[in-house]
Amino acid sequence: MLKRAVKVALVQMHVCEKTAKNLETASREIVKAKDKGAQLVVLPECFNSPYGTKYFKEYAEEIPNGKSCTALAKLANELSLCIIAGTIPEREGDKLYNTCTVWGNNGELLAKHRKVHLFDIDIPGQMTFKESEVLSPGNKITTFEYRGIKIGLGICYDLRFPEMAQIMSNDGCAILIYPGAFNLTTGPKHWELLARSRANDNQLWMVLVSPARDKSASYVAWGHSMVVDPWGQVVEQLNEKPGILYADIDLKAVDEVRTMIPIRNQKRNDLYYIGNGNGCK
């Protein structure tokens, strides 16, 4: 039975073209969240740089020795809290990735997740974007433990793939955290819908963290960072403006929902999976 609880803070911040200023903003908000009792603080996707294929190479850093990682590891150690550092453009050799790092209470690197599903879409007359022109995809699913709680990580477009969330849920995760930057086309249509769907499908907590909306940016984020409970209900949500969302995540809710509606024990895996000899007839 899951018994632990954790206070999380979601930092929805404006991001500019100056990395130093973005790190200053993130650090200030993290300190503010710690002062309010947060134990785990989450930053948004591309918190240290503008989001866009033309920016990734210029702003890319090595992990764990880049300036963003160094600053956040030091801060996590000083404040004795866990920082899920949204994402940064990562450089390794001749490849670039969109990568989330997690820093523990002692400044240690607890986890690193590279965006698995790259954001390649074409909505005529509204939005065309192809991360794959610049970025390489990650090739593993990432989970880690903090305060006895197993947590899964995804990044933005990863949210659209229920199989990935289900694997993390089956691996024992009670919370899934997705830094993301949906836009003004996909955000109002799918941001909340997907968060609630993943929470309901897997009977766990969902945490989505977006940059604040900046209409002068080349890519305009939707905002609306939110926390969704294992019933699939939005319990806390910001608007499009900068701010910090606080939520007490109680894992008893996960256990209660899974006991009352025991779908995890009722699945017909003998029918579902391709290659098992079954299928539509």
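I looked first at the contacts of the protein chain (contact meaning heavy atoms within 4.5 Å) and noted that, among those between residues at least 6 apart in sequence, 68% join residues at least 24 apart. I keep in mind that this is a predicted model, in which local features need pLDDT of at least 70 and side-chain atom pairs count only at pLDDT 80 or more, while totals for chains, interfaces and linings use all residues. Residues are numbered from 1 along each chain as its sequence is written, and side-chain values use heavy atoms, with hydrogens and water left out.

I then looked up burial, where buried means under 20% relative accessible area, exposed over 50% and partly exposed in between, with a 1.4 Å probe and protein chains only; of the 281 residues of the protein chain, 54% count as buried.

Next I turned to helix H4, residues 162-170, with helices (H or I, at least four residues) and strands (E, at least two) taken as DSSP runs numbered from the N terminus. Met164, Ala165, Met168 and Ser169 of H4 are buried. They lie on the same side of H4, because they cover an arc of only 135 degrees around the axis, the arc being that of the directions from the helix axis to the C-beta atoms. On the other side of H4 I found Glu163 and Asn170 exposed. The buried residues of H4 pack against several elements, including strand S6 (109-114), strand S11 (175-179) and helix H5 (187-202). After H4 comes Gly172, with a positive phi near 105 degrees.

Last, I checked Ile261, which sits in the loop between H6 and helix H7 (269-272) and, at 37% relative accessibility, counts as partly exposed.
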